[in-house]
Amino acid sequence: AAVYVSLATLHNALRLVDELADAGGPADLGRKALPALHQLVGADMLSYNELGPAPGQVFYCAYPEDLVFSPASLAAFAAHAYQNPLVSYYRATGDGSPVKISDFVSRERFHRLALYAEFYRHLPVEHQLAVSLPGPAGRVTGIAFSRSSGDFTEDDRDLLTVLRRPLVTAMARARASHRARQALTGPVGSGLTDRERQLLELVASGRTNTAIAHTLEISPRTVGKHLEHIYRKLHVSSRAAAVYRSTAEAMTSPPANTLREDTSAPG
């Protein structure tokens, strides 16, 4: 189906990519994305969530950041998170498109869920719209928008459809940066200087020499010189080979059970 959005929305989507360019990993991307997304899609609460692969494995961060909950409430969320029909849909289909709770269940049926009774009813979560992002096998990764009243509209869905593409791009860069950082703290990066490790991490996230120069406040020529030194130390001859060498041995660690960040609430 055709998606209609304004030129201003497309501009905001491109700006979002720029704002998320320096995310150091998936969790960091979540923290940076939520305030920006709140300006684009009206909601009472937003959350970045990683669920699974095992039951009870939950990582999250939320916006606004002043929502505080008891350990019992957080345990209830971890225990019942997969009752959310959006999570079930993403887990079953692998389709990352924006979907709403009302696409699947009535409000009355939603209220009968243990997840609602033990957790959501204490929050501004009567309506929810979410988008899923690529993640490790068996893990559901996504961003949820929640409201206490007034369901999300098809215009909201269209907007999130457009925003998903830059979010997917930013997530890929964040994961590459995270893998590179892990690898570069080990044997592969032991012969590199701190600046060379920083620069190679930016290369791994897909940044051009010009973008790297802007981030590090150096000239593109200096970036090129650093890359020449990195190639020699890693015994490679190209950017692609350097990135492969720096990331091939790294593995992303799964999140611990029921992790919290700051005082935020899951969604």
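This is a predicted model: local features need pLDDT of at least 70, side-chain atom pairs count only at pLDDT 80 or more; totals for chains, interfaces and linings use all residues.
Local features need pLDDT of at least 70, side-chain atom pairs count only at pLDDT 80 or more, and totals for chains, interfaces and linings use all residues. Residues are numbered from 1 along each chain as its sequence is written, and side-chain values use heavy atoms, with hydrogens and water left out.

Me: Which residue is joined to Pro53 by a cis peptide bond?
Reply: Most peptide bonds are trans. Pro53 sits in the loop between strand 1 (45-51) and strand 2 (58-63); strands are DSSP runs of E with at least two residues, numbered from the N terminus. With omega at about 10 degrees, the cis bond joins Pro53 to Gly52.

Me: What is omega for the peptide bond from Tyr63 to Pro64?
Reply: Pro64 lies in the loop between strand 2 and helix 3 (71-80); helices are DSSP runs of H or I with at least four residues, numbered from the N terminus. The bond from Tyr63 to Pro64 is cis, and its omega is near 0 degrees.

Me: Is Glu217 buried or exposed?
Reply: Glu217 is in the loop between helix 9 (209-216) and helix 10 (220-234). Its phi is positive, about 60 degrees, although Glu217 is not a glycine. Buried means under 20% relative accessible area, exposed over 50%, and partly exposed in between (1.4 Å probe, protein chains only). At a relative accessible area of 74%, Glu217 is exposed.

Me: What is the phi of His235?
Reply: Most residues other than glycine have a negative phi. His235 is placed in the loop between helix 10 and helix 11 (239-247), and at 70% relative accessibility His235 counts as exposed. The phi of His235 is positive, near 60 degrees.
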